[in-house]
Amino acid sequence: MATTRTQAAGVEPRTDTRPADEPPRPRRKRLSPRSKAGRVLLWSLLTLFSAAFLYPLVWLIAASLKPRGEVFDNSLIPRTFSPQNYIQVWEQLPLVSWVTNSFLIAVLAATLVTISSAMVAFGFAYFRFPGRNFLFGLVLATMMLPGAVTMVPQYLIWKNLGVLGTWIPLFGMNLFGSAFYIFLQRQFFLGLPRELFEAARIDGASYFGLFRRIALPLSIPSLVVIFIFEFQASWNNLQSALIYLNAGSVEGFTAPLGIAYAMTKYSPTNGGQGDYQFVMVATLLITLPMLILFAFGQRHFIEGVATEGRKG
Amino acid sequence: MAGYLFISPWIVGFLVFMLGAMVYSLVISFSRYNLATNVAKPAGTTNYALLFDDPKVAASLANTLFYAVMAVPLEICVALGLALLLNQVGRGAGFFRTVYYLPKMTPSVATAAVFLLLLNGNTGAINQALRFFGITGPQWLIDPAWVKPSIVLMTLWGVSGTMVIFLAALKSVPKDLYEVAALDGAGPVRKFFSITVPMISGAIFFNVIVLTIAALQVFDQAYLLFWRDQTSTSPEASLFYGIYLFQQAFREFNFGFASAMAWVLFVLILLISLLQVRIGNKFVYYEGEKR
């Protein structure tokens with residue numbers, strides 16, 4: 001606790017080794033390259049890589065605005081502008097149902113996992129009980145459990161529960177919390193002052209009351225992180241949709257499954273007309289929500305991922 | 001005990017959907033399972049025997065390992081390289097980090113839909129660019145030798161998750177170490193190998209393990225590019241373990257066989273991770289207490 005405050009004294013220059021905690025952002029001292037040539041090289045490389053990372057996305061935007069014959073021409077400015085793609089696509093593909101399905105599943109999945117993970121995390125953070133550390137170790141260990149291994153038995157469990165053909169297999173697992181989110185949320189709860197809870201206990205609050213009235217309202221920021229992480233994971237999830245929805249009607253697909261279907265539908269090898277511009281429009285339309293989500297939650301995404309690395 | 005009550009959702013989930021699922025899968029792998037009747041008749045080691053006799057299992061395993069050996073080191077090097085670059089800039093780093101992170105937000109289907117056209121051997125932008133430099137690009141998605149590099153390329157486009165973890169690790173390296181080393185006359189290369197690498201070895205280790213587990217389960221991109229409509233142009237080279245497992249389970253409904261495959265994969269991943277941990281323990285430096 002006290003170690004993080006050392007820099008507040010701040011009179012002495014930092015000759016001592018700093019505490020192992022992450023250094024606060026503003027006082028980053030740069031080891032900037034001294035030479036001008038070095039700077040130029042650095043910035044050119046960064047720009048070059050930016051171009052490489054952006055190119056496929058810019059290409060996608062351009063392709064979505066091209067008529068059929070020009071989709072493959074790689075020009076980043078369409079020679080013939082074809083904005084009508086954006087109107088025709090709605091007749092070509094049941095995009096509204098795909099996006100609605102994906103959105104509802106993602107909201108359900110994210111809401112459930114946020115609440116359940118927070119509850120489990122509160123159990124691990126606030127209470128002391130026999131086997132707690134062992135169980136928490138087990139939680140962390142399950143993060144390494146490969147999904148490919150539990151894919152088949154989980155399908156059979158859902159089948160035995162009689163819920164195949166419903167959306168339940170696509171978000172049902174989220175009722176039970178998810179290891180990484182439990183880890184994240186526990187860290188957050190551990191940072192809340194314990195006195196708050198003690199005071200509420202004296203005032204006669206139940207344990208569930210502590211969780212609902214104190215712990216949850218104080219952790220909105222980290223709950224938002226979990227929510228957007230899971231929203232993204234669910235929105236992008238192709239494999240579960242393939243397993244649980246592929247046999248159903250095309251209208252019942254999620255967005256990723258729908259795009260996969262459209263890729264085949266228009267593929268000339270499958271008797272399609274090569275109307276790839278529709279695939280491109282649809283692809284762009286399902287990517288856009290993720291880019292918007294990122295625009296709002298950028299810091300959360302990047303810090304969340306960085307945290308994942310730090311637990312190792 | 002209230003504590004147990006709060007963690008009970010996780011305990012139920014663990015017992016049913018992880019431990020229970022694993023045991024169930026083990027039982028099925030030793031049975032002849034009929035999906036229609038939902039009956040698993042004991043079948044001894046038949047499925048495992050079939051698995052060892054099936055050349056496609058061996059081929060898919062070889063493909064997967066080959067892919068992992070190619071993808072993981074490249075991902076580590078590219079991610080670390082980018083993180084080092086970003087760590088050199090003060091202001092502006094945020095902008096580039098955002099740009100580099102965008103592919104990570106792109107759904108895998110979107111990546112596949114775009115790269116399917118970018119990697120086209122005749123009209124694709126990548127070969128067009130190579131032609132500009134006088135190089136005749138390969139038939140990425142058709143030539144069996146280039147199928148795996150294609151997927152590696154797509155994976156590298158989304159390497160920023162790994163990069164962000166490295167960047168966080170680089171920021172926590174105490175700057176005074178570099179200052180001392182500079183006083184001792186160490187050059188940039190020496191500083192990188194004697195300070196940076198040991199100080200971020202924990203992050204390297206973590207990334208290697210996580211990326212290896214992911215690579216051994218590679219599915220989305222291979223499925224979308226080659227197995228979407230069962231018309232793969234090079235079926236041998238693009239058949240990964242995850243794809244074959246998926247086909248056996250959800251196209252052929254050979255649940256016993258698929259479960260046996262899953263258990264082989266589980267044991268394999270476990271062994272590889274343990275090996276990595278053993279090697280890692282020799283090299284990984286944990287600063288002070290373990291975080």
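**Notebook: contacts, core and loops**

I started from one residue in this predicted model. Leaving out residues up to four places away in sequence, I found that B:Ala222 touches B:Ile151, B:Trp227, B:Ser238, B:Phe240 and B:Ile243.

**Entry: the core**

Next I asked which members of the largest nonpolar core touch the most other members. B:Ala222 came up again, together with B:Phe166 from chain B and A:Phe122, A:Ile259, A:Val279 and A:Ala282 from chain A. I noted that this core holds 167 residues. Helix 4 of chain A, residues 95-126, gives the largest share of the core, with 16 residues. Both domain 1 (35-83) and domain 2 (89-311) of chain A put at least three residues into this core.

**Entry: where the chains meet**

How many residues does each chain bring to the contact between A and B? I got 80 from chain A and 85 from chain B. I then went through the helices of chain A that supply at least two residues each to the side touching chain B, and among them are helix 2 (36-64), helix 4, helix 5 (132-142), helix 6 (147-160) and helix 11 (220-236). Helix 12 (239-244), helix 13 (255-265) and helix 14 (276-310) are also in that list. Helix 14 of chain A has the largest share of this side, at 14 residues. Sorted by class, the side of chain A that touches chain B shows 52 nonpolar, 21 polar and seven charged residues.

**Entry: the two domains of chain A**

I looked at how chain A is divided, and it splits into domain 1 (35-83) and domain 2 (89-311). Taken over C-alpha atoms, their centres are 32 Å apart. Nine residues of domain 1 are in contact with eight residues of domain 2. On the domain 1 side of that contact I count five nonpolar, two polar and two charged residues.

**Entry: chain B as a whole**

Chain B has 15 helices and two strands. Along the principal axes, its C-alpha atoms fill a box of roughly 75 × 65 × 35 Å. I see 43% of its 291 residues counted as buried. Taking contacts in chain B between residues at least 6 apart in sequence, 70% join residues at least 24 apart.

**Entry: the hairpin in chain B**

In which sense do strand 1 (residues 31-34) and strand 2 (residues 39-42) of chain B pair? They are antiparallel, with four bridges. I picked out B:Arg32, which stands opposite B:Lys41 in strand 2. Four residues lie between the strands of this hairpin, and B:Asn38 there takes a positive phi near 60°.

**Entry: two asparagines with positive phi**

B:Asn38 is not a glycine, yet its phi is about 60°, and its place is in the loop between strand 1 and strand 2 of chain B. Is B:Asn38 buried or exposed? I note it as exposed, because 10 other C-beta atoms lie within 10 Å and the cut-off for exposed is 12 or fewer.

The other is A:Asn74, with a positive phi near 65°. A:Asn74 is in the loop between helix 2 and helix 3 (85-92) of chain A. With 19 other C-beta atoms within 10 Å, A:Asn74 is partly exposed, because buried would take 20 or more.

Key
Residues are numbered from 1 along each chain as its sequence is written. Chains are lettered from A and ligands numbered from 1 in the order in which they are written. This is a predicted model: local features need pLDDT of at least 70, side-chain atom pairs count only at pLDDT 80 or more; totals for chains, interfaces and linings use all residues. A nonpolar core is a set of buried Ala, Val, Leu, Ile, Met, Phe, Trp, Tyr and Cys residues joined through C-beta atoms within 7 Å. Domain bounds come from an automatic or database domain assignment. Two residues are in contact if their C-beta atoms, placed from the backbone, lie within 7 Å. Ala, Val, Leu, Ile, Met, Phe, Trp, Tyr, Cys and Pro count as nonpolar, Asp, Glu, Lys and Arg as charged, and the others, Gly among them, as polar. Two strands pair if DSSP finds at least two bridges between them.
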